[in-house]
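Subject: A structure for you to explore

Hi there,

Here is the structure I promised to pass on to you. Have a look at it first, and then read on for what turned up.

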Amino acid sequence: MSSTAANDPRQPSAAKRFVPTALAPQDLPVDYSGLIAVVFGIAGVMFRYKLCSWLAIIFCAQSLVNMKSIENDLKQISMAMMFAIMGLVTNYFGPARPGAPKS
């Protein structure tokens, strides 16, 4: 083991610690999962598609986990979550869709 340490070409004294640069909230990349969650949430409410509302909840969770900026992303996630929950409530507890088979 000592022979491998002597032949190591790396130089620990030349190593520099990585310091990430600070970005302004408006310079952060677009949160596509949050945008998709809003689109699916609105489609679930407007067209009364259960699948869209469930997908909006899944994309909200993904966006919440990958959130980079609390002040910008939290507004978008909360709006998407409200649309998704509103869509699920109207789909499962609201009046039946016209033309849908009765169960």
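Predicted model: local features only at pLDDT ≥ 70, side-chain atom pairs only at ≥ 80, totals over all residues.

Met46 is exposed, with a relative accessible area of 60%; anything over 50% counts as exposed. You will find Met46 in helix α2.

Which residues of α2 are buried? They are Ser33, Gly34, Ala37, Val38, Gly41, Ala43 and Gly44.

On the way from α2 to α3 you pass Arg48, in the loop between the two helices. Arg48 is not a glycine, and yet its phi is positive, at about 60 degrees.

Now for the packing of α2 and α3. Their axes are 8 Å apart and the angle between them is about 160 degrees. That makes the two helices roughly antiparallel, because an angle over 145 degrees falls in that class. Their crossing is left-handed. On the α2 side, the contact is made by Ser33, Gly34, Ile36, Ala37, Phe40, Gly41, Ala43 and Gly44. On the α3 side, the residues are Cys52, Ser53, Leu55, Ala56, Phe59, Cys60, Gln62 and Ser63. Sorted by class, this contact has nine nonpolar, seven polar and no charged residues.

Next comes α4, which covers residues 70-93. Helix α4 has 24 residues and reaches 33 Å from its first C-alpha to its last, close to the 34 Å expected at 1.5 Å a residue. Its buried residues are Asp73, Ile77, Ala80, Ala84, Gly87, Leu88 and Asn91, and they pack against α2 and α3.

How do α2 and α4 run, parallel or antiparallel to each other? Their axes come within 8 Å and cross at roughly 25 degrees. The two helices are therefore roughly parallel, since angles under 35 degrees count that way. This crossing is left-handed. From α2, the residues that take part are Gly34, Leu35, Ala37, Val38, Gly41, Ile42, Gly44 and Val45. They meet Gln76, Met79, Ala80, Phe83, Ala84, Met86, Gly87 and Asn91 of α4. Here the classes come out as ten nonpolar, six polar and no charged residues.

That leaves α3 and α4. They pack at about 155 degrees, with their axes 9 Å apart, and are therefore roughly antiparallel to each other. The crossing of α3 and α4 is left-handed. From α3, the contact uses Lys50, Ser53, Trp54, Ala56, Ile57, Cys60, Ser63 and Leu64. From α4, it uses Ile77, Ala80, Met81, Ala84, Ile85, Gly87, Leu88, Asn91 and Tyr92. This contact divides into twelve nonpolar residues, four polar ones and one charged one.

Lys50 is partly exposed, with a relative accessible area of 40%. Not counting residues up to four places away in sequence, Lys50 touches Leu88, Asn91 and Tyr92. Its C-alpha atom is also separated by 9.3 Å from that of Ala84, which is 34 residues away along the chain.

The other stop is Ser63, also in helix α3, which spans residues 50-65. Is Ser63 buried or exposed? Ser63 is buried, with a relative accessible area of 0%; the label applies because that value is under 20%. If you leave aside its neighbours within four places in sequence, Ser63 is in contact with Asp31, Ser33, Gly34 and Ile77. Ser63 is also listed in the contact of α2 with α3 and in that of α3 with α4.

Best wishes

Note on methods. Residues numbered from 1 in each chain as written. Heavy atoms only, no water. Helix = DSSP H or I, 4+ residues; strand = E, 2+ residues; numbered from the N terminus. Buried < 20%, exposed > 50% of the residue type's maximum accessible area, 1.4 Å probe, protein only. Contact = heavy atoms within 4.5 Å. Expected span 1.5 Å × (residues − 1). Axes fitted to C-alpha atoms, helices over the stretch in contact; angles between N-to-C directions. Parallel < 35°, antiparallel > 145°, perpendicular 65-115°, else oblique. Left-handed = near helix turned anticlockwise from the far one by under 90°. Nonpolar A, V, L, I, M, F, W, Y, C, P; charged D, E, K, R; others polar.
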